[in-house]
Amino acid sequence: MRLVTVAGPPSSGKTAVIIRAAEALRADGVRVGVIKFDCLSTGDQALYERKGITARTGLSGNLCPDHFFVSNIQECLQWGEQSGFDLLVAESAGLCNRCAPHIKDVCAVCVIDNLSGVETPRKIGPMLKMADLVVITKGDIVSQAEREVFAHRVRQVNPGAVVMQVNGLTGQGGYELGRLLAGAEETVSLTGRLLRFSMPAALCSYCLGQRKIGSDFQMGNVRKIDFS
Amino acid sequence: METLHPTSGYTALLLGDLLRELPRAEDFFTSLGLPLPAGDESTETYFGRIPAETLEDLGIERRELGERFTAFMDLLVVLRDKGNGPAIEAITILGGVDKDGAPEDFSLTIRPGEVISIVGPTGSGKSRFLADIEWLAQGDTPTRRRVLINGCAPDPARRFSLEQKLVAQLSQNMNFVMDLTVAEFITMHAESRMLGDVAGITATVIAKANELAGERFSPHTPVTALSGGQSRALMIADTSCLSISPIVLIDEIENAGIDRRRAVHTLVGEGKIVLMATHDPILALMGDRRLVFRNGGIAALLETSPAERANLAAFEEMDARLTAVRNALRNGERIDRL
Ligand SMILES: Nc1nc2c(ncn2[C@@H]2O[C@H](COP(=O)(O)OP(=O)(O)OP(=O)(O)O)[C@@H](O)[C@H]2O)c(=O)[nH]1
Ligand SMILES: [Mg+2]
Ligand SMILES: [Zn+2]
Ligand SMILES: [Zn+2]
C-alpha cells in the first residue's frame with residue numbers, strides 16, 4: 001500500500017482536492033482510503049463517505065494534532081492494509097504551524113490556498129517547507145498575477161518541491177494530482193521511520209493545564225518578548 | 001561571475017559576490033526570516049553560525065540549509081536565463097478520444113499571435129482540453145491526447161516547472177484580493193519574474209491597462225478599489241506583459257467597462273496565443289479558428305470562413321442597436337420603437 005500525508009491550514013481545500021484525486025483514481029481501479037486527524041471535531045469523514053470513499057477520524061482533543069498523528073499512524077497503516085486500500089491518505093488539519101506530520105520517504109503533500117495571502121508561505125513551518133508536493137487551491141477566484149506571485153513565494157521557501165494548482169471546486173488538476181499520489185512509494189511499515197523534523201515538546205506550564213496568568217505560574221520553556 | 005550556472009558550488013561563494021550577480025538571492029534569507037549574512041562571508045560560514053534555537057524555530061536542520069540554498073540559487077539562475085531558452089514557436093495537440101472512446105482525429109498547431117475560439121456547452125470537455133495542455137499530456141490522460149512543443153515531445157521535467165507553465169487564465173470570477181496599490185501590485189509581479197527594469201515595465205502595464213479601461217485609474221489606487229472594467233483591464237495588461245505563460249485562456253469575459261476586442265489585440269500584440277471560450281458571435285469571429293467541443297472531445301475544427309467574417313459587420317450593427325436599447329432602458333426611456 002502507498003501512504004501519503006496531506007497537511008495544510010484549516011479550510012485550505014485538503015478534503016476537496018483529496019476527493020478529486022480519489023475520484024480520478026477510482027476510475028483507474030485504485031482503492032483509496034482516508035484517515036482524518038483533527039483536534040475537536042470534523043465533518044470530513046461524512047464528506048468522504050458521501051463520495052463513497054472509506055474514511056476514519058482521529059481526534060486529538062487538547063493534544064497537538066501532529067503529536068497525536070505520530071502516536072497513531074502505525075495503527076492507521078495496519079487499518080489501511082486490512083481494508084485492502086491501494087492508497088491511504090492521512091489528512092491532517094495543520095493547526096500547529098511548528099509541527100508537521102511529514103515522514104521521511106513517505107510522500108508529503110501540503111495544501112495551501114491562493115486566498116491566504118502572499119506572506120503565508122513564509123509563515124508556515126515544516127508542513128510546507130518539508131513537503132514534496134505543494135498543492136495550491138482556489139486559483140479560480142484570484143488573478144493570474146496573484147497565482148503566479150503566490151506560487152513563486154512557495155517556491156522560494158521550498159525550492160525542491162513540485163508545485164501544482166488544483167481546483168477543489170471544478171476538479172481541474174485533480175486527475176494529475178491523483179497520478180502523482182498513485183506513483184508514491186510503497187510503505188510497508190513505519191516502525192523505525194523518522195519524522196522529517198522533530199516536533200518540539202511544548203512544555204510550558206500552560207501546556208500542562210495551567211490557566212492562571214502571571215510570572216509565578218509560568219514554568220519550563222517560557223520565552224518573553226523583548227521590548228527594549 | 002558570469003559563469004554561475006545550475007549546480008555551481010554557491011555556498012562557498014562570498015555573499016557580496018552572489019548578490020552582485022543575482023540581487024534576488026537576498027530573498028532566500030528574507031523568506032526564511034533570517035538576517036542577511038555579511039558581504040565578505042560565504043553562506044557556508046553563515047549557516048554554520050546560525051544559533052540552534054533559530055533553526056528549531058524555523059523547522060529546518062542545519063545541513064538542509066545548504067541544500068535549500070543551492071536549490072534556490074538554481075531556481076534564480078533558471079529564471080534569469082529563461083530568456084535565452086528556446087522560444088515557443090508552436091504548440092501541437094494531437095487528438096485522442098472523446099468520453100465514449102471515439103477517436104477525435106485532429107491535429108491542431110497553434111502559434112504565438114493566434115486567436116482560437118472555443119465553443120460547446122459546459123461539461124463538453126473544454127476544461128480537460130486546457131488541463132491536457134497544462135499537463136503536457138502524452139497519451140496519459142483520459143483523453144489520450146498528446147501535446148508537442150515546437151514539433152517534439154517536451155522534456156518530462158517541464159511538467160512541473162513553474163517557470164514554463166503554458167496556460168494563464170482569465171475568467172469572470174477572478175478578482176484581486178491583495179491589499180496593495182496598483183503600482184505595488186504590478187511591481188511585486190515583475191519582481192517575482194526577476195526582470196531588470198521593474199519600474200519601466202510597471203509603468204508600461206499601468207499605461208496599457210488605462211488604454212483598455214473605460215475610466216482611467218492612478219497607480220496609487222488600491223487594486224481592490226478598481227471597478228470591474230478596470231480590474232479586467234489591469235489583468236489583461238498584466239498578463240500580456242508579465243505572465244510566464246505563452247497561452248492565455250479568456251473565459252466568457254463580460255462586456256462591461258472594457259473593450260474586449262482591444263483586450264484580445266493587446267494579448268496578441270505581446271505574442272500570446274489567445275484561447276477564447278465564448279458564445280458571443282462578435283468575439284468568436286475574432287478567432288482564426290474555432291474548436292467545437294462535444295461529449296468530452298473536439299468534434300470539429302472550423303476555420304472562420306470569409307462569409308462569416310463578412311457577417312461580422314452585421315453582427316456588430318445588431319449589437320450596437322441592442323446596446324442602444326439597453327442604454328435607453330437604463331435612462332428610463334421607453335423602448336417601444338425599433
Ligand atoms: N473557490 C474555491 N473553493 C474551494 C476550492 N477548494 C476548496 N474550496 C472550498 O473551500 C472550503 C474548504 O474546503 P475543504 O476541502 O473542506 O478544506 P480542508 O482543508 O479539508 O478543511 P479542514 O479539513 O476543515 O481544515 C470548502 O467550502 C470548499 O468547497 C477551490 O479550488 N476553489
Ligand atoms: Mg478537510
Ligand atoms: Zn505542534
Ligand atoms: Zn505551552
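A salt bridge is a side-chain nitrogen of Lys or Arg within 4 Å of a carboxyl oxygen of Asp or Glu. By this rule, the count over all chains of this predicted model comes to 26 salt bridges.

In chain A, the side chains of A:R179 and A:D28 meet in a salt bridge, with N and O 2.6 Å apart. This pair links distant parts of the chain, since the two residues lie 151 residues apart. A:R179 belongs to helix α7, residues 174-182, while A:D28 sits in the loop between α1 (14-27) and β2 (32-38). Both partners are partly exposed: A:R179 has a relative accessible area of 33%, and A:D28 has one of 44%.

Chain B holds a salt bridge between B:E211 and B:R262, where the closest N and O atoms are 4.0 Å apart. Two helices are joined here, with B:E211 in α8 (residues 198-212) and B:R262 in α10 (residues 260-269). The two residues are 51 residues apart in the chain. B:E211 counts as exposed because its relative accessibility is 51% and the cut-off for exposed is over 50%. B:R262, at 40%, is partly exposed.

Helix α10 of chain B also contains B:R260, which forms a salt bridge with B:D280. The closest N and O atoms of this pair are 2.7 Å apart. B:D280 lies in the loop between β7 (273-277) and α11 (281-284), 20 residues from B:R260. B:R260 has a relative accessible area of 13% and is therefore buried, the limit being under 20%.

Salt bridges also join residues into a network: A:E176, B:E104, B:R128, B:D132 and B:R145 are linked in this way. The network includes residues of chain A and of chain B.

The next part of the picture is ligand 1. It is surrounded by 18 residues, and the closest are A:K14, A:T15, A:A16, A:K36 and A:G168. Helix α1 of chain A gives the largest share of this shell, three residues. By class, the shell has five nonpolar, seven polar and six charged residues.

Several contacts involve oxygen atoms of ligand 1. A backbone N or O atom of A:S12 lies 3.1 Å from a ligand oxygen, and a backbone N or O atom of A:G168 lies 2.8 Å from one. For A:E91, the contact comes from an N or O atom in the side chain, at 2.9 Å from an oxygen atom of the ligand. On its own, ligand 1 has 660 Å² of accessible area, and the protein covers 75% of it.

Methods:
Residues numbered from 1 in each chain as written. Chains lettered and ligands numbered in written order. Predicted model: local features only at pLDDT ≥ 70, side-chain atom pairs only at ≥ 80, totals over all residues. Heavy atoms only, no water. Helix = DSSP H or I, 4+ residues; strand = E, 2+ residues; numbered from the N terminus. Buried < 20%, exposed > 50% of the residue type's maximum accessible area, 1.4 Å probe, protein only. Near = heavy atom within 4 Å. Polar contact = N/O pair within 3.5 Å; in protein donor to acceptor, adjacent residues only side chain to side chain. Areas by Shrake-Rupley, 256 points an atom, 1.4 Å probe, with all protein chains shown as cover. Nonpolar A, V, L, I, M, F, W, Y, C, P; charged D, E, K, R; others polar.
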